[in-house]
Amino acid sequence: NTVEQAKNEILRFQNLLNESVLNVQFHQQENQNLKLNHEQMNTLLNEKLNENQILNFTLTQIKQQTENVNSQNHQLLIQLNEKNEHIELLNEKVVQLNQQYVSEKINNRDINDDCNKDINNIYKLNSQPKSTQSNESQSTETQSNE
């Protein structure tokens with residue numbers, strides 16, 4: 001009876017031992033899986049970190065280029081404003097010259113009209129008969145003397 005109990009106890013302990021070995025193997029496998037998962041996650045994180053570093057470098061370059069372009073644009077804007085001021089001055093000069101031209105044109109037209117009148121008068125005088133012309137000359141001289 002005691003031998004039988006001892007055999008049963010040994011079997012029970014062997015079963016417990018086998019169960020413990022299986023548990024240890026199961027946990028070892030789980031730990032191996034977790035280790036593999038962590039390695040994969042670390043690899044992915046390192047890849048993402050590298051991508052972010054590249055993006056940061058690219059963004060820094062773009063920022064620098066943008067600042068350079070903004071600076072160039074500012075200089076161009078200053079030059080454009082200076083040219084616009086110069087154009088405004090030139091436009092004022094053009095307006096003055098146009099006014100001067102119109103004034104001179106009116107003056108020339110008046111002078112031209114006067115010349116045409118004189119030419120017409122000379123033509124009339126030249127087209128009159130000689131005797132009448134001399135009378136008129138005398139009459140013109142008389143008028144001038146008066």
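**A helix and its surface: group meeting talk**

Partly exposed here lies between buried, under 20% relative accessible area, and exposed, over 50%, using a 1.4 Å probe and protein chains only.

Before going on, a word on what we are looking at. This is a predicted model, where local features need pLDDT of at least 70, side-chain atom pairs count only at pLDDT 80 or more, and totals for chains, interfaces and linings use all residues. Residues are numbered from 1 along each chain as its sequence is written, and side-chain values use heavy atoms, with hydrogens and water left out.

So who is the partner of Glu-51 in a salt bridge? That would be Lys-48, and the closest N and O atoms are 3.6 Å apart. A salt bridge, by the way, is a side-chain nitrogen of Lys or Arg within 4 Å of a carboxyl oxygen of Asp or Glu. Lys-48 is partly exposed too, at 48% relative accessibility. Both residues sit in helix H1, three residues apart, which is about one turn of the helix.

How many salt bridges does the structure hold? It holds two. The other pair I'd like to show you is Arg-12 with Glu-9, whose closest N and O atoms are 3.1 Å apart. These two are about one helical turn from each other because they are three residues apart in helix H1. Arg-12 is partly exposed with a relative accessible area of 43%, and Glu-9 is partly exposed at 36%.

Now let's step back to the whole chain. It has two helices and zero strands; these are DSSP runs numbered from the N terminus, with helices (H or I) of at least four residues and strands (E) of at least two. Of the 146 residues, 1% are buried. The chain exposes about 13700 Å², with 54% of that supplied by carbon and sulfur atoms; such areas come from the Shrake-Rupley method with a 1.4 Å probe, and for residues only the protein chains shown count as cover.

Finally, have a look at two surface patches. Patches take residues with over 30% relative accessible area and no salt bridge, joining like charges within 9 Å and nonpolar side chains (Val, Leu, Ile, Met, Phe, Trp, Tyr) within 5 Å. Tyr-101, Val-102 and Ile-106 make a nonpolar patch with about 290 Å² of accessible area together, and Tyr-101 belongs to helix H1, residues 2-127.
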